[in-house]
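Please keep the sequence and the model at hand while reading.

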Amino acid sequence: MKPALRAFQGSLRREIAFLATHFWDRALLSLAPLALMALLAVEMSSGVMRDLPVVVVDADASALSRELIRRLDAAPALKVVEQTGDMAAGERLVRMRRAYLLVFIPAEVTRDVLRGETGKITLFFNASYATPSGAALREASNVISAYAGELSARQTAAIVGPGKVRAAPLGARTTVLYNPQGSYELQLVGLLHPAMLHLVFMVAVVSALGRELRDGAMGAWLNGSTGENLARVAGKLTPYLAVFMAWGLAACLYLATVRGWPIAGSLAMVMAGYAAMYLAYVGVALLFVGLTASMAQSLSLTGIYAGASFAFAGAIFPVESASAFARVWSALLPFTAFANLWAEQFVMAAPVAVSLRQVLVLLVFLAVGAAIGLPRYLHAAQRPDLWGKR
């Protein structure tokens with residue numbers, strides 16, 4: 001048997017034996033991913049937002065306003081939780097977080113409509129809660145627009161006669177691509193699961209590499225040739241890659257089978273993306289541990305770096321119009337490339353060749369991180385003055 005292969009197998013057995021006898025390190029591979037993924041799955045299981053609370057300030061108190069309120073309450077996404085004639089009372093309910101949206105119907109709405117003028121209804125939404133408030137705003141706007149169209153047709157028919165009412169010469173038809181249900185479960189759970197997995201994975205890998213320095217075991221562990229030492233590092237990290245690949249597959253199968261969101265593209269390509277993403281974070285972990293030679297400092301950097309991935313990946317909030325810093329930071333995060341690949345394959349059914357670019361980007365992170373960090377990490381095995389640092 002070749003020395004490098006023996007070194008790989010010995011390091012692999014050594015790491016498995018360590019995990020078998022250390023509960024908290026083992027929990028990073030089992031309990032932590034399970035708990036985080038289950039919590040996210042339960043929180044987002046409803047999929048589409050329903051019954052978002054709305055308060056209506058009806059200063060008109062007319063048949064027209066009552067019909068509009070009825071329609072707002074009948075909309076699936078909305079629920080009129082309070083109806084009042086006092087604007088101050090309505091604002092107070094929003095400040096108490098009892099409603100995301102305030103619909104103000106002024107006293108002159110019916111009068112303006114009967115005169116053939118445009119009645120102005122004002123919508124106030126709580127931008128502190130952008131996602132539910134935005135959804136409530138869109139639904140209420142659609143309800144008001146639909147009702148306005150009916151009123152316009154009735155008025156025209158009353159003036160020129162029903163037979164002379166013509167449909168609008170142009171109309172816009174909106175078709176939602178790739179997520180027609182508007183499901184937040186598909187959009188958020190699909191990306192939050194790998195976001196949590198890559199964070200826990202990087203913490204586990206940094207801990208595995210860093211504890212050799214912390215415990216002063218570097219010299220005894222990495223005591224062979226360069227090729228053997230590289231094999232030992234690979235053997236140490238193999239259990240983590242294998243376990244988290246299984247978690248990635250479980251995340252995909254949960255959405256595709258349990259929740260019924262079919263994978264539009266290639267499952268194999270999604271899993272290739274998971275593998276490339278984990279390898280990219282291996283490169284970053286080697287970079288952090290190699291440069292700092294400290295487990296504690298590396299874990300602190302991990303929290304800052306990996307913890308911010310979801311916010312800057314462009315999956316929820318677009319980075320195209322963000323500051324230059326945000327765009328650069330997004331490009332320096334491996335999760336950004338993975339988020340693009342996941343959307344291309346799981347949701348959009350993009351050609352595999354398109355997603356291969358994202359895999360290549362992820363492998364660049366591995367190459368750069370390992371090229372800088374791995375030689376320094378291996379060199380630390382010959383530096384007893386670095387051992388024992390926390």
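## The parallel pair β1 and β3

Strand β1 (residues 52–58) and strand β3 (residues 101–105) run parallel and are joined by five bridges. Strands (E, at least two residues) and helices (H or I, at least four residues) are DSSP runs, numbered from the N terminus, and two strands pair if DSSP finds at least two bridges between them. Strands of a sheet pair through backbone hydrogen bonds, either parallel or antiparallel.

This is a predicted model, in which local features need pLDDT of at least 70 and side-chain atom pairs count only at pLDDT 80 or more, whereas totals for chains, interfaces and linings use all residues. Residues are numbered from 1 along each chain as its sequence is written, and side-chain values use heavy atoms, with hydrogens and water left out.

## The sheet and its helix

The two strands belong to an open sheet of four strands with mixed pairing, in the order β2-β1-β3-β4. Because β2 (78–84) and β4 (122–125) stand at the edges with a single partner strand each, one side of each has no neighbour in the sheet. On average, neighbouring strands of this sheet are turned by 25° against each other, direction ignored.

Helix α4 packs on the sheet and touches β1, β2 and β3, where contact means heavy atoms within 4.5 Å. The direction of α4 makes about 145° with that of β2; axes are lines fitted to C-alpha atoms, for helices over the stretch in contact, and angles run from 0 to 180 degrees between N-to-C directions.

## Salt bridges

The structure holds 13 salt bridges, each defined as a side-chain nitrogen of Lys or Arg within 4 Å of a carboxyl oxygen of Asp or Glu. One of them joins the side chains of Arg14 and Glu212 (2.9 Å, N to O). Since Arg14 lies in helix α1 (residues 3–21) and Glu212 in helix α8 (residues 184–214), the pair ties together parts that are 198 residues apart in sequence. Arg14 is partly exposed at 33% relative accessibility, while Glu212 is buried at 3%; buried means under 20% relative accessible area, exposed over 50%, and partly exposed in between (1.4 Å probe, protein chains only).

Another salt bridge connects the side chains of Arg71 and Glu150 (2.8 Å, N to O). Arg71 lies in helix α4 (residues 63–74) and Glu150 in helix α7 (residues 130–160), so this pair ties together parts that are 79 residues apart in sequence. Glu150 is partly exposed, with a relative accessible area of 33%. The side chains of Arg383 and Asp385 also form a salt bridge (2.7 Å, N to O), and Arg383 is partly exposed at 31%. Salt bridges with shared partners join Arg14, Glu15, Asp25, Arg211, Glu212 and Lys236 into one network.

## Loop residues with positive phi

Arg97, a residue other than glycine, has a positive phi near 65°. Arg97 lies in the loop between α5 (87–95) and β3 and is exposed at 61% relative accessibility.

Ala349, likewise not a glycine, has a positive phi near 60°. The loop that holds Ala349 runs between α15 (334–347) and α16, and Ala349 is partly exposed, with a relative accessible area of 39%.
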